[in-house]
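This report looks at how the protein surrounds its ligands.

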Amino acid sequence: MSYQHRIVITGGAGFIGSHVVRLFVNKYPHYKIINLDALTYAGNLENLKDVEQAPNYQFAHINLLDADAVQQLLVAEDVTGVIHLAAESHVDRSILSPLDFVYTNVIGTVNLLEAAKKRWAGQYEGKRFYHVSTDEVYGALGDTGLFTETTRYDPHSPYSASKAASDHFVRAYGDTYGMPTVVSNCSNNYGPYHFPEKLIPLFINNIIHGKPLPVYGDGLYTRDWLYVKDHASAIDLVFHKGRQHDTYNIGGFNEWKNIDLVKLLCQQMDEKLGRAPGTSEQLITYVKDRPGHDRRYAIDASKINQELGWSPSVTFEQGLSETIDWYLTNTSWLESVTSGAYMAYYETQYKNR
Ligand code: NAD
Ligand code: DAU
């Protein structure tokens, strides 16, 4: 079969990537979707069980640091589009091992840009290189204000510094070589397949097991939460309709202080587990703060709303409830990803807090 588009989605075995792969495989049977993923601790092919047999889906087990393999894939598949999500994505791990973030997020991104530049060799008609990034590159907000597409970059963690560097490289390839790039910067996602090192799935797992809920610092840090399927639908729009060399901020219009979110999560979990109201809240434990912790993130998503007609479709209460239900149903997924190496990470991260 000849496909209209042949798209490499990197990081497709991870949390957001798996939702993007699923959306594209199902919605665009006339596109070939190639999932390039190294399968690090965060990558899991179980996340894609329901699409792995689809005729327009292919998995390529490649590390972005293997520049030759990346180049060969783009040539062999005559790739017309790239949606780049692969990254080291957890702030706490970046504090423990910054270099891993430089390798994958910076060098890996440049390897991918180089491979696309060579493959397309200036023939950019019908091509697109889409880089998926984060609002953390903008740094921290005070009590008021929102991040817009023109907010100055001010990253504070090794993770956000590495993502900022990768954003700059992508834009530099657009400016210098004319590569048809587009970038989006999104707020905190949540939903099914979220790795339980991040706040919401970690706390769901701990509540299930009656373990302490380690709230960093005073718990008054604020994040803007977006259901992962709404992020995937935004990525679909930006890939197809976003302006060349432009940037789109994506967010949930949904700010929560960590402690308020944790209390809502505790309430919903108590109801769903048939525990007495207040049971899970007793697990809340204030612990030592994250170094360099950004006080508040909040996205102004009016550009993508006005230009591309995107807005979130799910309320936070709905999305959180569906997410909890997913974790309570998919206990074997949760058990498999929290065995072995996860326990060693958990020990290192939380033992001295
Ligand atoms: P994740 O950690 O769940 O998944 C990352 C994926 O990348 C995994 O499948 C992993 O195996 C793969 N990967 C890592 N290093 C690789 C390498 N060297 N070569 C090939 N594959 C590699 O990440 P996520 O939370 O799904 O985030 C996806 C992207 O979205 C990232 O770029 C992240 O910065 C960005 N983002 C995430 C959020 C969020 O809330 N999770 C919000 C905004 C933006
Ligand atoms: O804003 C987008 C970013 O959101 C993405 O770019 C990152 O990839 C993603 O991991 C996420 O980063 P955060 O650092 O905001 O997410 P995390 O779930 O790690 O933490 C959310 C908030 O909860 C943050 O203020 C730190 C706090 N926290 C987190 C953990 C893991 C705790 O209080 N206790 C914890 O154990």
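## Shell of ligand 1

The shell around ligand 1 divides into 14 nonpolar, 12 polar and 2 charged residues. The model is predicted. In all, 28 residues surround ligand 1. The closest are Ile16, Asp37, Ser89, Tyr159 and Lys163.

## Polar contacts and cover of ligand 1

At phenylalanine 15, a backbone N or O atom lies 3.0 Å from an oxygen atom of ligand 1. At asparagine 189, a backbone N or O atom lies 2.9 Å from an oxygen atom of ligand 1. Asparagine 63 uses its side chain instead: a polar atom there lies 2.9 Å from a nitrogen atom of ligand 1.

On its own, ligand 1 has 840 Å² of accessible area, and the protein covers 96% of this. Strand β5 supplies the largest share, 3 residues.

## Shell of ligand 2

Around ligand 2 there are 26 residues. Thr134, Asp135, Tyr159, Arg290 and Tyr350 are the closest. By class, this shell divides into 12 nonpolar, 7 polar and 7 charged residues. Tyr159 is listed among the closest residues for ligand 1 and also for ligand 2.

## Polar contacts and cover of ligand 2

An N or O atom in the side chain of aspartate 135 is 2.5 Å from an oxygen atom of ligand 2. For glutamate 136, a polar side-chain atom lies 2.7 Å from an oxygen atom of ligand 2. Proline 214 contributes through its backbone: a polar atom there is 2.7 Å from a nitrogen atom of ligand 2.

Ligand 2 exposes 690 Å² when taken alone, and the protein buries 94% of that. The elements giving two or more residues to its shell are α3 (91-96), α6 (199-208) and β8 (213-216).

## Enclosed space

How many cavities of 30 Å³ or more does the structure hold? It holds 1. About 50 Å³ of space lies in the largest cavity.

Its lining consists of Val91, Glu136, Ser157, Ser160, Arg223, Arg290, Pro291, Gly292, His293, Asp294 and Tyr297. These divide into 3 nonpolar, 4 polar and 4 charged residues.

Technical notes
Residues are numbered from 1 along each chain as its sequence is written. Chains are lettered from A and ligands numbered from 1 in the order in which they are written. This is a predicted model: local features need pLDDT of at least 70, side-chain atom pairs count only at pLDDT 80 or more; totals for chains, interfaces and linings use all residues. Side-chain values use heavy atoms; hydrogens and water are left out. On a 1 Å grid over the protein atoms alone, a cavity is a set of points where a 1.4 Å probe fits but cannot get out, and a pocket is an open set with protein on both sides within 12 Å along at least five of seven lines; lining residues have an atom within 4 Å of a point. Grid points are joined across faces, edges and corners, and a volume is the space filled by probe spheres set on the points. Ala, Val, Leu, Ile, Met, Phe, Trp, Tyr, Cys and Pro count as nonpolar, Asp, Glu, Lys and Arg as charged, and the others, Gly among them, as polar. A residue is near a molecule or strand if one of its heavy atoms lies within 4 Å of it. A polar contact is a pair of N or O atoms within 3.5 Å; within protein, one must be able to donate a hydrogen and the other to accept it, and residues adjacent in sequence count only if both atoms are side-chain atoms. Accessible areas come from the Shrake-Rupley method with a 1.4 Å probe; for residues, only the protein chains shown count as cover. Helices (H or I, at least four residues) and strands (E, at least two) are DSSP runs, numbered from the N terminus.
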